[in-house]
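Take a look at the structure below. The text that follows leads through it, one part at a time.

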Amino acid sequence: MKNIYLDNNATTRVAPEVRDAMMPFFDEFWGNPSSMHTFGGQVKKYIDQAREQVAELINADPSEIVFTSCGSESDNMAIHGAVEAAGGKPHIITTRVEHPAVLAVCQYLQTRGCSVTELGVDSQGRLDLDELKKALRPDTAIVSIMWANNETGVIFPIDEISEIVKNAGAVMHTDAVQIIGKFPVDVKKTPVDLLALSGHKLHTPKGIGALYIRKGTRINPLILGGHQEGGKRAGTENVPYIVGLGKACELAANFIKDENTRVKSLRDRLEKGILDSCPDVRVNGNREHRLPNTTNISFEYIEGESILLMLDEFGIAASSGSACTSGSLEPSHVMRAMGVPFTAAHGSIRFSLSRYSTEDDVTAVLEHIPAIVNRLRELSPFVQK
Amino acid sequence: MWDYTDKVKDHFKNPRNVGLIPDADGVGEVGSLACGDALKLTFKLDKTGRIAEVKFQTFGCASAIASSSALTEIVKGMTLDEAAKVTNQDIAEFLGGLPEQKMHCSVMGREALEAAIDNYRTGKKVKHELAGRVVCTCFGVTETEIERVIRDNKLTTVEQVTNYTKAGGGCGGCKGEIEKIIARVRGTAVQPPPPAPAKKLLTNLQKIKLIEETIEKNIQPMLRQDGGSLDLIDVQANRVLVSFRGTCAQCRMAEVTMKDVVQAQLREFVSDDLIVEEVKP
């Protein structure tokens, strides 16, 4: 059965170009870049090159890029590091729709004496910037707000937000894991101090990420024990993956246009097709300011896990914000923060496309989904006939 | 991905006895859209008093649908006395087992069956009734229900109780209480609670400040999980006036329980004689 993969906000296929770029670093150049001998030392230039490739994608200086093991580490490092550097028990601002890699860190720091403000969102998943302005305090050390939401794809106005935060004198961190490669990001234009990105959302294997740290930003390291990454992140470099991330960033720059034209129109066709063919469905999140690859659709009166398992029968991979899929008992925190009614939150399905998505993928979903929805609704006690 | 048995998958993909019997002898409903699963069960008896026909409608995940389907297969042909003895374990066993975290689906089946039998015998209350004191306010689970599930399934941990009833799976505020219920039902010694610090006599200002702090630190985080929040309107002697906002205000449990939760917290941390009253903003 053909795998129709529409869950790219969860992880992406490794690009063949990325894999090819990585292979020599398993077989041939496996030395330690910190070594004095040529065999090891020669590897360093490939790390430098990867750092330049990552920096170029977001228009940063290579010295501002620190390689980490994943997006979650980058987020942890940013928030912990900035809070530690600030000293004391400062105030932190974040939002209620962040990824757990941000929310859990803030909640942990709250137990250590920091005060945390979580900004709410409206029914379309948008922030109220006046609420942010009011929340800022003289002791606010860091503001951590995602650039694009993983579940709905809704994009926050990070340009404007960064300006507000910088004017208040706080450090601005953004979890940019979902937006990198889908929208142009330029840290010369957007005054963020810290920016987290992840490789495996960008067609590298899992296990590599990076944190952009603007020059002059005070941040303490999370991992101690070595001089690597300018002393900001100890640990012998994961050379093949770093090289892979460099290559992936280079490729991503070439595909941003594709994401915003071809991939976007595939997404739009999928979304429109579902809205036209299934009654009682709704799109979650603002459709205007949204990632080009993501659509989050709620099917009223039926439950997400059941929909996913039926899609799975046809080789279609998507994900759900329903309670049952996560092992938790409540629907996704993003759906709840948006006030999506329970009738819809339990039946929310996210389709997320990538450069490898095709017209055939969309056709397959549109072919099967009306029957799946009908079938489950026939089982549901909430559908009035 | 859940590790479902082939039998669960089969009953999910090919559910037996789907639908509603229009002139049913017994109708039972349990769960709600808010809780994420719901089951409506109808049956019809033959002349000898055996279940001749039984049908279900379920909103829920694969294991909820499979559990409902299994239930109908189990009880078909039974007398009501026999059916009343069916436990959630029977449903889970029929399916070759359910993942631990999904055991609540089998419990839902048993509850719907009980409600339907009740409906036939008494001619009233189609809805599964909340009998006893509500322990978990997030999912509306009562003490009676928790005790029953602990006994039927020989449960020993809070996590198991959550898997079987959902209780404790929302804000988690009732976990301590579930622990006490387990200890009581299992007949094990209840851990003596640490001696409560004697509550000081508070001045009015101190009291209001402490109420504010307790709301901020203990209560708001619980409510926020459900997208709600609470405003302190006024404190008049021992009466604390509050109003709920967001989803709390519309929650089906609001009148009964939200107030109780807030009151319990304030009594624990501030003063034993406080009475919480809800005012509409």
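This is a predicted model: local features need pLDDT of at least 70, side-chain atom pairs count only at pLDDT 80 or more; totals for chains, interfaces and linings use all residues.

**A walk through two chains**

Which residues of α4(A) are buried? They are Tyr46(A), Ile47(A), Ala50(A), Arg51(A), Gln53(A), Val54(A), Ala55(A) and Leu57(A). An α-helix has 3.6 residues a turn, so residues three or four places apart point the same way.

Just after the helix comes Asn59(A), with a positive phi of about 55°.

Is α5(A) enclosed by the rest of the structure, or left open? Of its 16 residues, 13 are buried, so α5(A) is largely enclosed. After α5(A) comes Gly87(A), whose phi is positive, near 75°.

Now turn to a sheet in chain A. Four strands form it, in the order β9-β10-β13-β12. The sheet is open, and the pairing is antiparallel. At its edges stand β9 (281-283) and β12 (319-320) of chain A. Each has a single partner strand, so one side of each is left without a neighbour in the sheet.

Look next at one pair of strands within this sheet. β10(A), residues 294-299, pairs with β13(A), residues 348-352, over five bridges in the antiparallel sense. Here Asn296(A) has Arg350(A) in β13(A) as its bridge partner. Helix α9(A) packs on the sheet and touches β9, β10 and β13 of chain A. The direction of α9(A) makes about 10° with that of β10(A).

Where do the chains meet? The contact involves 24 residues of chain A and 22 residues of chain B. On the chain A side, five helices each supply at least two residues: α10 (304-312), α11 (323-326), α12 (333-337), α13 (342-345) and α14 (359-379). α10(A) gives the most, with three residues. By class, this side of chain A has 12 nonpolar, seven polar and five charged residues.

Cross over to chain B. Chain B has 11 helices and eight strands. Of its 281 residues, 41% count as buried. Among contacts in chain B with a separation of 6 or more, 56% come from residues 24 or more positions apart.

Two helices of chain B cross. The axes of α1(B), residues 6-13, and α2(B), residues 62-75, come within 8 Å and cross at roughly 85°. That makes α1(B) roughly perpendicular to α2(B). From α1(B), the contact takes in Val8(B), His11(B) and Phe12(B). They meet Ala62(B), Ser63(B), Ile65(B), Ala66(B), Ser69(B) and Ala70(B) in α2(B). The residues of this contact divide into six nonpolar, three polar and no charged.

The last stop is a hairpin in chain B. Strands β2(B), residues 37-45, and β3(B), residues 51-59, pair in the antiparallel sense over eight bridges. Leu45(B) stands opposite Ile51(B) in β3(B). Five residues lie between the two strands of the hairpin. In the turn, Gly49(B) has a positive phi of about 85°.

Key
Residues are numbered from 1 along each chain as its sequence is written. Chains are lettered from A and ligands numbered from 1 in the order in which they are written. Axes are lines fitted to C-alpha atoms, for helices over the stretch in contact, and angles run from 0 to 180 degrees between N-to-C directions. Angles under 35 degrees count as roughly parallel, over 145 as roughly antiparallel, 65 to 115 as roughly perpendicular and the rest as oblique. Two residues are in contact if their C-beta atoms, placed from the backbone, lie within 7 Å. Ala, Val, Leu, Ile, Met, Phe, Trp, Tyr, Cys and Pro count as nonpolar, Asp, Glu, Lys and Arg as charged, and the others, Gly among them, as polar. Two strands pair if DSSP finds at least two bridges between them. A residue is buried if 20 or more other C-beta atoms lie within 10 Å of its own, exposed if 12 or fewer, and partly exposed in between; C-beta atoms are placed from the backbone.
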